[in-house]
Structures are given as C-alpha cells and as structure tokens.
Amino acid sequence: VEPLPFMPLVSPLRDEWTASRTEESLQGLRLVTYNMLADLYTSREVDQQMMYNHCPPVHLHKNRRMPMLLYEILSYHADVVCLQEVDANIYLSLLEPVMESQGYQGYYSNKASSQLEGCAMFW
C-alpha cells in the first residue's frame, strides 16, 4: 500500500485518531464510518467525465483504492466499523477475510435494488 500524502489540515488530526489505544481510551467506544465509493459509481464513463474529472482514472480503480481504504480503516483500531457503498464482491473477496483476520466479525446488507452494493458493519 502506498503511503498517504501529508495533508496539512488532516494529517495532525489523523495522527491523533490513529494513535495506539491507551488503557483510558479502551474504556470508550471507537467507531469509524467510511463511504467506500462503490466501483459501479466510478467505472462509468459519464461519472468519470462529470463527477470525477478532477481525478485521474487510475486513482479511481478499485485495485488501487480498496487496499488503501482498508489500510486506513484498520489504522483507527476501531471497535465498530460502518461502511457504505460497499461492492458485494469487495466485501466477500477483500473486506470480510482481512477484517476477520484482524479479529472482527462482519455483516453485509445489499441495497434493496438491482445494484450490487450496500453497507457493511464490523465489530
């Protein structure tokens, strides 16, 4: 996974949020929520031209984004992780196995439509 770029406003806050849990912080609940941006919303040409024209297509590809997102999510050492716009195949092939290897249990719910994306929760 490539390193995250330094972002002057975000990086100091992120460093604090990803710090190792202390005995005191273990008494609280750490919840992380993330919108994964389902691949079906980045792979259509119309979306690339209108919504993501500021971003090179290589940066939108799921093979680049998903490992970085997973690394970011795990870095927070959360008690509960809630994810939106999760591709069903990404949940089954990447998120569920990796999160389970880190001690999490998970649940995925597909949208009540023909779209193959939904929400996932890990605890």
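Read along the sequence, the protein chain follows the pattern α-β-α-α-α-β-α-β-β, which amounts to five helices and four strands; helices (H or I, at least four residues) and strands (E, at least two) are DSSP runs, numbered from the N terminus. The model is predicted: local features need pLDDT of at least 70, side-chain atom pairs count only at pLDDT 80 or more, and totals for chains, interfaces and linings use all residues. Residues are numbered from 1 along each chain as its sequence is written, and side-chain values use heavy atoms, with hydrogens and water left out.

**Chain-level totals**

- Of the 123 residues of the protein chain, 34% count as buried, where buried means under 20% relative accessible area, exposed means over 50%, and partly exposed lies in between (1.4 Å probe, protein chains only).
- Residues 24 or more positions apart supply 65% of those contacts in the protein chain that have a separation of 6 or more; a contact means heavy atoms within 4.5 Å.
- Accessible areas come from the Shrake-Rupley method with a 1.4 Å probe, and for residues only the protein chains shown count as cover.

**Glu117 and the salt bridge**

- Glu117 is placed in strand β4 (residues 117-122) and counts as buried because its relative accessibility is 1%.
- The count of salt bridges comes to one, a salt bridge being a side-chain nitrogen of Lys or Arg within 4 Å of a carboxyl oxygen of Asp or Glu.
- The side chains of Glu117 and Lys111 form a salt bridge, at 2.9 Å from N to O.
- Lys111, at 41% relative accessibility, counts as partly exposed, whereas Glu117 is buried.
- The side chain of Glu117 also has a polar contact of 2.6 Å with the side chain of Tyr41. A polar contact is a pair of N or O atoms within 3.5 Å; within protein, one must be able to donate a hydrogen and the other to accept it, and residues adjacent in sequence count only if both atoms are side-chain atoms.
- Not counting residues up to four places away in sequence, Glu117 touches Ala38, Leu40, Tyr41, Glu85, Val86, Asp87, Tyr108, Asn110 and Lys111.

**Arg30, a buried charge without a salt bridge**

- Arg30 lies in the loop between α1 and β1 (31-35).
- Arg30 is buried yet has no salt bridge, and the nearest side chain of opposite charge, that of Asp79, is 6.3 Å away.
- With neighbours within four places in sequence left aside, the contacts of Arg30 are Trp17, Ala19, Arg21, Tyr76, His77, Ala78, Asp79 and Val80.

**Helix α5**

- Leu95 is found in helix α5 (residues 88-101) and is buried, given a relative accessibility of 1%.
- Residues up to four places away in sequence apart, Leu95 touches Met36, Leu70, Leu83, Val86, Ile90 and Phe122.
- Leu95 and Leu70 are 25 residues apart along the chain, and their C-alpha atoms are separated by 7.4 Å.
- Glu100 also lies in helix α5; with a relative accessible area of 45%, Glu100 is partly exposed.

**Positive phi in loops**

- Leu37, in the loop between β1 and α2 (45-50), has a phi near 55°, a positive value in a residue other than glycine.
- His77, in the loop between α4 (62-75) and β2 (80-87), has a positive phi near 50° and is likewise a residue other than glycine.
- Most residues other than glycine have a negative phi.
- His77 is partly exposed, with a relative accessible area of 40%.

**Nonpolar surface patch**

- Met7, Leu9 and Val10 make a nonpolar surface patch of about 300 Å². Patches are made of residues with over 30% relative accessible area and no salt bridge; like charges are joined within 9 Å, and nonpolar side chains (Val, Leu, Ile, Met, Phe, Trp, Tyr) within 5 Å.
- Met7 is found in the segment before α1 (11-17) and is partly exposed, with a relative accessible area of 35%.

Key:
Lys, Arg positive; Asp, Glu negative; His and termini not counted.
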